[in-house]
Amino acid sequence: MRRVTVRNLSCLAVAAALLSVGATAPPSAAGGPPGRPGGDAAAKAPVAVGYGGAVSSVDQDASAAGIEVLREGGNAVDAAVATAAALGVTEPYSAGIGGGGYFVYYDAKSHRVRTIDGRETAPRSAGSSLFLENGKPLAFADAVTSGLSVGTPGTAATWDSALASWGRKSLGAVLKPAERIARNGFTVDPTFRGQTQDNQSRFADFPATAKLFLPGGQPPAVGSTLRNPDLARTYEELGREGVGDLYRGGLGQDIVRTVRKPDLAPGSTRNARPGDLTAEDLRAYEPLHRAPTETTYRGLGVYGMAPSSSGGTTVGEALNILERTDLSKASQAQYLHHYIEASRIAFADRGRWVGDPAFESVPTKELLSQRFADSRSCLIKDDAVLTSPLAPGDPRHPERCGNSGSAAPTTYEGENTTHLTVADKWGNVVAYTLTIEQTGGSAMTVPGRGFLLNNELTDFSFVPADPSAHDPNLPGPGKRPRSSISPTLVLQGGKPVLALGSPGGATIITTVLQTLIGHLDRGLPLVDAIAAPRASQRNAATTELEPALYDSPLRAQLEALGHKFTLNPEIGAATGVQRLPDGRWLAAAEPVRRGGGSAMVVHPAGRP
């Protein structure tokens, strides 16, 4: 069995990274965020190498906020919360305190990986018919833009729990950079304007949302400055009063009021159905510390997020399926073929077995067993393609090439979240994915508070994916909807060598998987593995391809095997950090997707 040496891959990565060395927070960061008028911003860079810690996110202002906290003595946890709070300002359609997420942390002192499940929960009144009306499922768009879709937010509780458990700074201290960005404003880029345009009709129906994101009734112009004084005050209040203000105080009352009585603009014809979130639901919310998922791949330890997210089990199962195939020597077509088929199989099993473990019997250990993976990998042939929807296997009783039950399609999931990765000078690492689900969430801004509410409950199955089989992802009282969020840590000898994650709904899983094998098996430097054109197969009749693959000769080679494809303009937007053999950190982000990401280090290479 082939074993990839991380040292060799790291050396390749260094060579590529040195072309872009030096991405760091500007010296003026303490006085104001980069990327706004008057800022002294360094050029946005997708890769950086250096010492003292690293931050990678989709946004330059957010990465700079994390670097600022690291420079001021904070650790990776402090910097991750600071970066996430800044993303709530500059990426408000993807994340914020109106949503939730999953936090994966490597503790350098104990050499242990720990996680927090900060997923939103359904109201205690919710039943399996949450999204049924007159016995029929609501149209997805109608469910999204409503109070019905809003789950109890978990992000603020996640920040509080992470800081209390592993941080060095207070919540108020790490919120200061984001508070400043919200007050002073950030520069609107084409991605932000495009996302606003895509949601303009929804946003216009809610006065608080239109006031914030449609100045003068139109999406903000590229190059203009967008300020959010309401969110600056909200962050200041959370820092002063603590997150109890959201779960037991005035901020929580405002959230409940917004969900239960959606405020529509005069003349709007939208039927924004009210939700049933209550103050009791907020008071009852708890972020959950869970054991991570764990598997091995090419001799490395791979750790991820356990259910309620399906990310750790699905990425892990797919890696196990691929373990006995030498992808380093396969042709590009065979490499992609095996990756696609492993994804197809893992998604079939995900759909049948993964849900909220507080409500469902989830066989996490069995899904991640090599025995089960071997029983499934024998389905893959070099010269043939499996048919989707594929029936699941039974991880509790694996049978060679066996299926259990009938095939069911993968249910729809919105494709917008955001991800950040952070490392510090002590060797602690965070991979954190946070979300409000759809781009723009529910479209409802809490009046006077400056943030959008999530539509995470639409991640539940509205009806069973297969009427003849149990669906573990139906709504329930206080239940967490299944997620695909996949923050992932890779360890060698108990120490981190790589951290990775991505936004993208269900494509998160395939993005993380493809980036991992591109780096570990194909020898791509991390930034190149992130930039590589993507394919995404989620137990569907067709596999999605980005244009660079769709328009390449590889497509015809794969179609000759039996694959069918559809075009997806953009899949995922990964970020990662890597520990190099000489002790430096490499931060990597997207060169192009979502306008390109921002990788930064505290001290650029050559400056210890």
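Is cysteine 401 buried, partly exposed or exposed, and what is its relative accessible area? Cysteine 401 is partly exposed, with a relative accessible area of 31%, where buried denotes under 20% relative accessible area, exposed over 50% and partly exposed the range in between, for a 1.4 Å probe and protein chains only. The model is predicted, so that local features need pLDDT of at least 70 and side-chain atom pairs count only at pLDDT 80 or more, whereas totals for chains, interfaces and linings use all residues. Residues are numbered from 1 along each chain as its sequence is written, and side-chain values use heavy atoms, with hydrogens and water left out.

A search of the whole structure finds one disulfide, a term that denotes a pair of cysteine sulfur atoms within 2.5 Å. This disulfide joins cysteine 378 to cysteine 401, with an S to S distance of 2.0 Å. Both cysteines lie in the loop between α17 (370-377) and β11 (418-424), 23 residues apart, helices (H or I, at least four residues) and strands (E, at least two) being DSSP runs numbered from the N terminus. Cysteine 378 is buried, with a relative accessible area of 9%.

The rings of tyrosine 93 and phenylalanine 192 are stacked, because their centres are 4.8 Å apart and their planes stand at 20°. Tyrosine 93 belongs to the loop between α3 (76-90) and β2 (100-107) and phenylalanine 192 to helix α7 (residues 190-198), so the pair ties together parts 99 residues apart in sequence. Both of these residues are buried, and ring pairs link Tyr93, Phe186, Phe192, Phe203 and Phe213 into a cluster. Tyrosine 105 and tryptophan 166 are likewise both buried.

Charges also sit over rings, the criterion being NZ of Lys or CZ of Arg within 6 Å of the ring centre and within 35 degrees of the ring normal. The charged end of arginine 352 is placed over the ring of tryptophan 353, 4.1 Å from its centre, while arginine 555 lies over the face of tyrosine 550, at 3.8 Å from the ring centre.

Three strands form an open sheet of mixed pairing in the order β15-β16-β17, strands being taken to pair if DSSP finds at least two bridges between them. Strand β16 (residues 543-545) pairs with β17 in the parallel sense over three bridges, and leucine 545 stands opposite leucine 567 in β17.

How values were computed
Phe/Tyr/Trp six-rings, centres within 6.5 Å; stacked < 30°, edge-to-face > 60°.
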